[in-house]
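Hi,

Here is the structure I promised to pass on.

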Amino acid sequence: MGKIVVEMKIKNLFDEVRAKAGIIKKEEIRKVMVDALVDTGATMLSLPIGIIEKLGLEEAGTREVRTANGIVTRRVFSEVRVEIQGREGGFQVLELPVDVLPLVGQIVLEQLDLYPDPQNQRLTGRPDAPDHVVVECY
């Protein structure tokens with residue numbers, strides 16, 4: 001089995017709201033393209049602090065995080081809009097150290113209805129609806 005790395009477009013969601021309101025120009029929306037590791041052991045979208053700073057995200061609090069080195073406290077930042085394989089969603093961001101690859105966690109995979117295919121090292125849509133998001137609500 002191999003690791004899955006995906007290309008991800010990330011935009012500052014607050015900038016998008018301000019652009020729609022005419023406060024800033026659309027071209028002023030802060031955004032980045034990154035390669036991210038799909039990590040089914042991670043819960044949230046996690047980004048290195050350098051990317052968080054480039055996007056201009058605001059600190060929204062802290063969370064205790066269980067890591068391989070034990071429990072640590074990490075900062076959580078304001079929402080971003082993420083696009084992976086044409087599917088978009090809004091997510092808060094958990095801070096990672098500067099030299100770590102961005103992580104796509106379970107919440108992102110669930111909301112975007114993407115499934116890891118480790119054998120082929122890619123993400124896929126659900127077998128019964130591979131080309132679009134299906135939201136379950138029981």
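A quick definition before anything else: a residue is called buried under 20% relative accessible area, exposed over 50%, and partly exposed in between, using a 1.4 Å probe and protein chains only. On that basis, 39% of the 138 residues in the protein chain are buried.

Before you dig in, note that this is a predicted model, where local features need pLDDT of at least 70, side-chain atom pairs count only at pLDDT 80 or more, and totals for chains, interfaces and linings use all residues. Residues are numbered from 1 along each chain as its sequence is written, and side-chain values use heavy atoms, with hydrogens and water left out.

**Overall layout**

The protein chain has three helices and nine strands. Both kinds of element are DSSP runs numbered from the N terminus: helices are H or I with at least four residues, strands are E with at least two. Reading from the N terminus, the order is β-α-β-β-α-β-β-β-β-α-β-β. The chain is as compact as a globular protein of that length, because its radius of gyration is 15 Å, close to the 14 Å that the globule rule gives for 138 residues. (That radius is taken over C-alpha atoms, and the rule is 2.2 Å times the number of residues to the power 0.38.) If you want a box for the C-alpha atoms, roughly 45 × 40 × 30 Å along the principal axes will do.

On contacts, meaning heavy atoms within 4.5 Å: of those in the protein chain with a separation of 6 or more, 57% are between residues 24 or more positions apart. The chain exposes about 8,500 Å², and carbon and sulfur atoms supply 48% of that. The areas come from the Shrake-Rupley method with a 1.4 Å probe; for residues, only the protein chains shown count as cover.

**Charges and salt bridges**

There are 18 positive and 22 negative charges in the protein chain, and their mean positions are 4 Å apart. Lys and Arg count as positive and Asp and Glu as negative, while His and the chain ends are not counted. Each charge is placed at NZ of Lys, CZ of Arg, CG of Asp or CD of Glu.

A search of the whole structure turns up nine salt bridges, a salt bridge being a side-chain nitrogen of Lys or Arg within 4 Å of a carboxyl oxygen of Asp or Glu. Three of them are worth a click:

- Arg 30 and Asp 15 meet through their side chains at 2.7 Å, N to O. This pair links distant parts of the chain, 15 residues apart: Arg 30 is in the loop between α1 (13-20) and β2 (31-38), and Asp 15 is in helix α1. Asp 15 is buried, with a relative accessible area of 1%, whereas Arg 30 counts as partly exposed at 33%.
- Glu 95 pairs with Arg 75, with the closest N and O atoms 2.9 Å apart. Here too distant parts of the chain are linked: Glu 95 is in strand β6 (residues 87-96) and Arg 75 in strand β5 (residues 70-84), 20 residues apart. Glu 95 counts as buried at 15% relative accessibility, and Arg 75 is partly exposed at 30%.
- Arg 81 pairs with Glu 88, the closest N and O atoms being 3.8 Å apart. Salt bridges that share partners join Lys 11, Glu 16, Arg 81 and Glu 88 into one network. Arg 81 is partly exposed at 24% relative accessibility, and so is Glu 88 at 45%.

Most residues other than glycine have a negative phi. Against that, Asp 113 has a positive phi near 55°. Asp 113 sits in the loop between α3 and β8 (114-117) and is buried at 3% relative accessibility. Gln 121 also has a positive phi, near 50°. Its place is the loop between β8 and β9 (122-125), and at 47% relative accessibility Gln 121 is partly exposed.

Glu 110, in helix α3 (residues 106-112), is exposed at 65% relative accessibility. From C-alpha to C-alpha, Glu 110 and Val 134 are 9.9 Å apart in space and 24 residues apart in sequence. Ala 68, in the loop between β4 (59-67) and β5, is exposed at 86%. Ala 68 and Val 80 are 12 residues apart along the chain, with 26 Å between their C-alpha atoms.

Cheers
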